[in-house]
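Hi,

Here is the structure I promised to pass on. Have a look at it first, and my notes follow below.

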Amino acid sequence: MSEPKAPCWIRWNQPFPHPDLWPDDDLVVVGGTLSTSRLLSAYASGLFPMFIEDGQPVLWWSPNPRAVLWPNEVRVSRSLGKRLRRGEYHVTMNRAFETVIASCAKPRSGVQDTWITSNMRRAYIELHNQGFAHSCETWFEGELVGGLYGVAVAGVFSGESLFTRRSDASKCALVHLCEHLPALGCSLIDCQFRTDFLTSLGACEMSRRAYLARLNHSNQQRSADGWRIA
C-alpha cells in the first residue's frame, strides 16, 4: 500500500476529482458547500459528506472497499421474520422525513457528538423537498419508533443514517425499503462503511471501482410520488 495522499481541497464551484486518484484513502475531498447541486454531483461521483466534528469544512468520502446491500439479498432472521409476519409495526415512506433525520441526529448512548450537524439537516431537508432524499418510517401504535433516510441518485439508494427506539424497528424499515427499491429505480443500497449491524443484514463489500461502475447516470430518481408508500 502506498503512503496516504492528502485529500484535495476544493472551492464551492469546483468539480469533484475522480476518487480513484486516492486508491488507498477513504477521505478524498475537503471543502465546498452542501448545496443541492453539490450533493447531487457528489453522489453521482461516488462521494458523500460526513463531518468528524461540527465547525469543520465539509469532508467528502469514497470508501474503498465500500459496504453495499443488494435489495433482494437482505438477510431476515427468524425472529425478525416472525415480527414482520405478525404485522407488529406499520411502515411508511416519506411521511416524516424531518422527524426521522432529527431522530438520527440525536447523540447515541455513550457518544456525545453527532456528524449530522444542523447544516447537514438543512441540506438534506432541501434535498428531500426537491425529491431526491427519502425516509422510511416504522410506527407502533401511532408512534414513530424507528426509521432511516438516504438519497436516491444514479440508480443507487445511499443510506445515510437510521435510528430505533423499539426492537427491530430500524430493521423493519430497511426490509420494507428493500422490497420497494427495484420498482423505484434503485438496484443497490450504498451502506458506505461496513459495520457488524449491516453485515448481519447481508451487506457485503465492493471495490470502489466496481461501485463507481454501477452508478447509472441516466437514472436521476426524484419522483416523490412513487415513494409515498403507506
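Which residues of helix H3 (residues 97-105) are buried? They are Phe97, Val100, Ile101, Ser103, Cys104 and Ala105, where buried means under 20% relative accessible area, with over 50% called exposed and anything in between partly exposed (1.4 Å probe, protein chains only). The cover over these residues includes H4, strand S7 (133-140), strand S8 (143-153) and strand S9 (156-164).

Before you go further, some housekeeping. This is a predicted model, so local features need pLDDT of at least 70 and side-chain atom pairs count only at pLDDT 80 or more, while totals for chains, interfaces and linings use all residues. Residues are numbered from 1 along each chain as its sequence is written, and side-chain values use heavy atoms, with hydrogens and water left out.

The overall picture: the protein chain has seven helices and eleven strands. Helices (H or I, at least four residues) and strands (E, at least two) are DSSP runs, numbered from the N terminus. Of the chain's 230 residues, 51% count as buried. Take the contacts (heavy atoms within 4.5 Å) between residues at least 6 apart in sequence: 70% of them join residues at least 24 apart.

Now the sheet. Seven strands make up an open sheet with mixed pairing, in the order S6-S7-S8-S9-S10-S5-S11; two strands pair if DSSP finds at least two bridges between them. Strand S6 (90-93) and strand S11 (204-206) are the edges, and each has a single partner strand, so one side of each has no neighbour in the sheet. On average, neighbouring strands are turned by 35° against each other, direction ignored. Axes here are lines fitted to C-alpha atoms, for helices over the stretch in contact, and angles run from 0 to 180 degrees between N-to-C directions. Strand S5 (residues 66-69) runs antiparallel to S11 and is joined to S11 by three bridges, with Arg66 opposite Met206 in S11.

Two helices to look at against the sheet are H4 and H5. H4 lies across S7, S8 and S9, at about 95° to S7. Helix H5 (residues 169-180) also packs on the sheet, where H5 touches S5, S6, S7, S8, S9 and strand S10 (188-192), and the direction of H5 makes about 40° with that of S8.

Then the helix pairs. The axes of helix H1 (residues 36-44) and helix H4 (residues 118-129) come within 10 Å and cross at roughly 85°, which means H1 is roughly perpendicular to H4 (65 to 115 degrees; under 35 is roughly parallel, over 145 roughly antiparallel, the rest oblique). H1 brings Thr36, Leu39, Leu40 and Tyr43 to the contact, and H4 brings Ala123, Tyr124, Glu126 and Leu127. By class, that contact has six nonpolar residues, one polar and one charged. (Ala, Val, Leu, Ile, Met, Phe, Trp, Tyr, Cys and Pro count as nonpolar, Asp, Glu, Lys and Arg as charged, and the others, Gly among them, as polar.) Helix H2 (residues 78-86) and H5 have axes that come within 11 Å and cross at roughly 75°. Here Leu80, Arg83 and Leu84 of H2 meet Lys171, Cys172 and Val175 of H5, giving four nonpolar, no polar and two charged residues.

Last, the cysteines. A search of the whole structure turns up zero disulfides, a disulfide being a pair of cysteine sulfur atoms within 2.5 Å. For Cys191, the nearest cysteine sulfur is that of Cys178, 8.3 Å away. Cys191 is buried at 12% relative accessibility, and Cys186 is buried at 2% relative accessible area.

Cheers
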